[in-house]
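Okay, thanks for coming, everyone. Have a look at the fold on the screen and I'll talk you through it.

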Amino acid sequence: MALHLLEDWCKGMNIDPRNCLLVTGVLEAVDESSIEPILRSSTEYLCKCKMRGRIFVREESAFAVLCELPSAVDSLQVPGTIAVDDGEWKVITTGSQPSPAPTADVEFLKKMSDFLGKEGKTLADMPGLLGLKLRAPQQETAPSPDEWVKALGQALGKVMPPHPESSPYRKLRLFSGGPTPIPGEEAFEPWLEQTTEMLQEWAVPEAEKRRRLVECLRGPALDVIRTLKLGNPGVKVRDCLEALDHAFGRTEGSEDVYCKFLNARQQKGEKVSAYVQRLEKLLQRAIMRGAVAVEQMDRTRLAQIVRGIQYQNPILLHLRLRERQDNPPSYSRLIKEVREEEKRQAAGEVWEEEVTILVANETRRD
């Protein structure tokens, strides 16, 4: 409707619609004299726009404003929305094409334009944001929607990661839980440890993690997850692992598991990084047994590390782990910091061993 209004309005005023844009959603309280300055200051491309009139749209209970530019409107440089104090104004252009029915590509492009508008950007900024150098167009008319979609698709194709299902990945080991192990199957405890670690590392959606987990299961283990999905098709991977642990893991209560976690201490000669990794396995088991809430995972981990590391360990001091308990780091960040600090300290020890200090007595005294 807004596009038809723009075209009909331009036809009535004998103006080329390709040089015009329609701004909708302008509330009645907005002073008419302030509309043009607001549009001109919204983006550099509209600094020369001229307001040609406004009309009240009953269905929207707001005004629509017709603006004209000196030349054909480049829709790539026009934001889909303009933020104002009392909300936002929508901007409609005709481009160089007649007004066909909206296609899926045009709808997608409109949503992209609206999103960029809220961030203070336009589609014309996309090549620069993506680090691409595009040849300046020689035509005076604005590109068609098909050309927009094609250019945008080429740009996004260079920076967007492939879909998880099309990406190669290391498959999980097989597990069945049956009385007779299938070829290549290992015991449940090492399987659970390896599977939990890999699922945490994969930067894919929860549904994809669940699909990959089901992919490696057979027999009774697969039946456990199928039953779980009957009650909740979107069950989380963590809940799936917990159900498998209850069915095939050691029969330990939550208190026993949590007690093992609290009693874990750094052993003599054990690196801090190795202790943190060993402690993480115990923490994950405590979480699956319900002894530790997921929301308290980082805080619980760091508190135990502070208790369990050998007294006055230099890594404990240099990383200020005691002082960070109110704002604990995640496991991935913590283990990265610990390993980097171990490497730095190891390099320092080597340097100390290789340095020879020479002292010369230049006085007459012994």
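**Starting from one leucine**

L6 counts as buried because its relative accessibility is 0%; buried means under 20% relative accessible area, exposed over 50%, partly exposed in between, with a 1.4 Å probe and protein chains only. Quick caveat: this is a predicted model, where local features need pLDDT of at least 70, side-chain atom pairs count only at pLDDT 80 or more, and totals for chains, interfaces and linings use all residues. Residues are numbered from 1 along each chain as its sequence is written, and side-chain values use heavy atoms, with hydrogens and water left out.

So where does L6 sit? In helix α1; helices (H or I, at least four residues) and strands (E, at least two) are DSSP runs, numbered from the N terminus. Leaving aside neighbours within four places in sequence, L6 is in contact (heavy atoms within 4.5 Å) with C20, L21, L22, L66, I92, T93 and T94.

Now the sheet. It's an open one, five strands ordered β2-β3-β1-β5-β4, with antiparallel pairing; two strands pair if DSSP finds at least two bridges between them. At the edges are β2 (50–57) and β4 (81–84), each pairing on one side only.

Helix α1, residues 2–12, lies across β1 (20–26), β2, β3 (62–68) and β5, at about 125° to β1. Axes here are lines fitted to C-alpha atoms, for helices over the stretch in contact, and angles run from 0 to 180 degrees between N-to-C directions. Helix α2, residues 32–42, packs on the sheet too, touching β1, β2, β3, β4 and β5, and its direction makes about 120° with that of β2.
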